[in-house]
Amino acid sequence: MTQEEIDKAIAEAMADSKKQSKWHRPERKFMSPERIAQTRRALNMIFMLGAVACLIVYFAFPDNKALFFSIGFGAIILKIVEFVLRFMF
């Protein structure tokens with residue numbers, strides 16, 4: 001066997017092992033880096049609007065704590081979703 005045949009056999013074996021390996025992560029077309037970045041930006045903007053709305057509700061309606069906490073927790077949940085997207089994908 002020549003060196004070229006050996007290299008070709010190794011390359012084919014590597015390609016086959018990637019197709020069959022349970023640890024190989026297949027490419028996901030619906031989760032492109034651009035789409036993840038756009039989603040993260042949108043979630044960040046909504047979080048910031050929620051945080052500002054939370055502050056406005058806190059000072060404008062000091063007796064209505066339930067609304068303040070609802071808006072605040074909603075904004076925090078959006079931030080946690082963005083955090084997961086940042087570190088998982």
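A salt bridge here is a side-chain nitrogen of Lys or Arg within 4 Å of a carboxyl oxygen of Asp or Glu. Keep that cut-off in mind as you click through this predicted model.

**Start with the confidence colours.** Colour the chain by pLDDT: the protein averages 87, and 85% of the residues score at least 70. Then select residues 33–60, helix H2, which has the highest mean pLDDT among the elements, 95. Helix H1, residues 3–20, has the lowest, 80.

**Now select Glu82.** You will find Glu82 in helix H3, residues 65–88. With 1% relative accessibility, Glu82 counts as buried. By the cut-off above, the model holds three salt bridges, and the next stops visit them.

Arg86 is partly exposed, at 35% relative accessibility.

Lys79 and Glu82 are about one helical turn apart because three residues separate their positions in helix H3. Lys79 has 28% relative accessibility and counts as partly exposed.

**Finish with Arg40.** Arg40 and Glu82 form a salt bridge whose closest N and O atoms are 2.7 Å apart. This pair links distant parts of the chain: Arg40 sits in helix H2, 42 residues from Glu82 in helix H3. Arg40 is partly exposed, at 25% relative accessibility.

Note on methods: Residues numbered from 1 in each chain as written. Heavy atoms only, no water. pLDDT = per-residue confidence, 0-100. Helix = DSSP H or I, 4+ residues; strand = E, 2+ residues; numbered from the N terminus. Buried < 20%, exposed > 50% of the residue type's maximum accessible area, 1.4 Å probe, protein only.
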